[in-house]
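Here is a short report on one protein model and its ligand site. Have the sequence and the coordinates open while reading.

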Amino acid sequence: MADSSFESINEIYTLDNVADKLTFTRPDDWHLHLRDGAAMQTILPDTARRFARAIIMPNLKPPIVTTEQAAAYRARILSALPSELVGQFEPLMTLYLTDTTPPEEIKRAKESGIVFGVKLYPAGATTHSDAGVTDLARCEATLAMLEKLDMPLLVHGEVVDSEIDIFDREKIFIERVLAPLLRRFPGLRVVFEHITTQEAVEFVQSSPNRIAATITAHHLILNRNALFTGGIQPHHYCLPILKREVHRQALIKAATSGHSRFFLGTDSAPHSVQNKESACGCAGIYSAHAAIEFYTEVFEQVGRLDQLEAFASFHGPDFYGLPRNTKQITLVKKSWQTPEQLKFGEEQLVPFKAREKVRWQLAENV
Ligand SMILES: NC(=O)N[C@@H](CC(=O)O)C(=O)O
Ligand SMILES: [Zn+2]
Ligand SMILES: [Zn+2]
């Protein structure tokens with residue numbers, strides 16, 4: 001039967017067909033950008049409808065550097081939830097590490113009970129990272145406090161050296177920064193965020209249990225050809241940049257393997273159409289509108305739907321020492337078409353796979 005975009009939206013579906021329905025423990029998103037203000041208000045429901053919790057990235061402008069700011073940001077997130085989602089979603093806050101973050105701030109963060117990680121952005125590595133760390137040597141005392149209090153360090157793992165090829169920045173970061181850091185702090189817990197390479201997969205697999213990694217949907221779905229298919233594609237530009245097919249295959253293998261230290265983190269990172277379709281476009285892909293659906297497609301394609309729940313709902317809380325969710329989510333196998341654009345505050349954004357078909361959909365949307 002021909003597979004046109006619209007026919008499937010109207011096709012008749014029976015929930016009784018168990019092969020076409022998936023019910024599992026509600027997932028969490030362990031790496032998410034929510035932005036702030038009116039922009040946040042428009043995108044937050046996409047995440048809150050799918051995920052019970054999310055690790056909220058602190059790279060606002062200015063960044064979230066204190067526990068007090070994290071608490072205020074958390075309150076803004078909660079008050080931006082539409083009434084039907086109140087009580088359904090918990091933001092897990094993070095702090096943005098700077099050269100001058102005092103160790104006492106880590107203590108305050110831990111004691112607050114609302115901060116679950118501290119984020120390392122090498123200065124200049126990515127969107128809103130200019131206040132990031134210029135030299136980790138300046139953070140020794142603060143890193144020692146993270147280690148002591150067992151607060152995870154979340155890492156954007158790319159070197160900023162402009163002489164290093166952009167496709168090699170993650171691999172070189174492992175050698176130059178991450179491996180030495182782990183040797184210096186043998187008890188420090190680290191989440192290697194949004195990994196994109198075979199080298200990162202192998203590094204995590206061969207590391208002790210205190211090292212884990214998040215994997216995005218877009219790095220599982222696209223390789224670097226997608227940056228240039230039919231012309232330059234700004235909506236496929238993100239950091240770390242998309243890599244070769246061999247790396248995508250390594251990520252799929254890791255995510256679907258059942259290995260407990262790989263888990264779901266969308267890195268959904270919205271920017272307005274204007275800021276993406278520009279002579280100097282921003283890095284970031286928005287995938288929250290269909291995040292769990294995208295991952296489900298990938299797991300289905302490789303015949304590993306049996307591993308989806310562990311990757312999306314178990315490994316993350318287990319690593320962070322948090323309880324697994326008790327509620328469930330149901331997806332049904334019924335195609336729908338993603339919109340061309342979505343509201344982003346007063347502006348618009350182009351979501352991942354805009355106007356393309358997604359094979360799974362939330363039961364509540366059917
Ligand atoms: N991933 C991205 O390309 N962009 C993120 C920052 C980040 O996670 O590196 C953003 O905040 O826009
Ligand atoms: Zn990042
Ligand atoms: Zn990110």
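K119 is buried, with 26 other C-beta atoms within 10 Å. Buried means 20 or more other C-beta atoms within 10 Å of a residue's own, exposed means 12 or fewer, and partly exposed lies in between, with C-beta atoms placed from the backbone. The model is predicted: local features need pLDDT of at least 70, side-chain atom pairs count only at pLDDT 80 or more, and totals for chains, interfaces and linings use all residues. Residues are numbered from 1 along each chain as its sequence is written, while chains are lettered from A and ligands numbered from 1 in the order in which they are written.

K119 sits in strand β5 (residues 115-120). Helices (H or I, at least four residues) and strands (E, at least two) are DSSP runs, numbered from the N terminus. Beyond neighbours within four places in sequence, K119 contacts M57, P58, T94, L95, Y96, L97 and L154. Contact means that two C-beta atoms, placed from the backbone, lie within 7 Å.

**Annotated positions**

An unreviewed UniProt entry gives "binding site" for H31, H33, K119 and D267. These positions spread over 237 residues of sequence, yet they cluster in space, with a largest C-alpha distance of 13.3 Å. The "active site" annotation of the unreviewed UniProt entry covers D267. UniProt positions follow the numbering used here, feature names are shortened, and annotations may be inferred rather than shown by experiment.

D267 belongs to the loop between β9 (262-264) and α10 (273-276). With neighbours within four places in sequence left aside, D267 contacts H31, H194 and T216. H33 is in the loop between β2 (29-32) and α2 (37-50). Not counting residues up to four places away in sequence, H33 touches M57, S268, A269 and P270.

| Residue | Other C-beta atoms within 10 Å | Class |
|---|---|---|
| D267 | 26 | buried |
| H33 | 23 | buried |
| R35 | 20 | buried |

**Ligand shell**

Which residues are around ligand 1? They are H33, N59, T126, T127, H128, H156, C238, L239, D267, A269, A283 and G284. The criterion is a C-beta atom, placed from the backbone, within 6 Å of the molecule. By class, the shell has 4 nonpolar, 7 polar and 1 charged residues. Ala, Val, Leu, Ile, Met, Phe, Trp, Tyr, Cys and Pro count as nonpolar, Asp, Glu, Lys and Arg as charged, and the others, Gly among them, as polar.

**Backbone exceptions**

Most residues other than glycine have a negative phi, and most peptide bonds are trans. D267 is not a glycine, yet its phi is positive, at about 55 degrees. R35, also not a glycine, has a positive phi of about 55 degrees. R35 lies in the loop between β2 and α2. The K61 to P62 peptide bond is cis, with omega near -5 degrees. P62 is in the loop between β3 (53-56) and α3 (67-80). The L239 to P240 bond is also cis, with omega near -10 degrees. P240 occupies the loop between α8 (217-221) and α9 (245-256).

**Overall fold**

The protein chain has 12 helices and 13 strands. Of its 366 residues, 45% are buried. Residues 24 or more positions apart make 71% of the contacts with a separation of 6 or more. Along the principal axes, the C-alpha atoms fill a box of roughly 60 × 45 × 40 Å.
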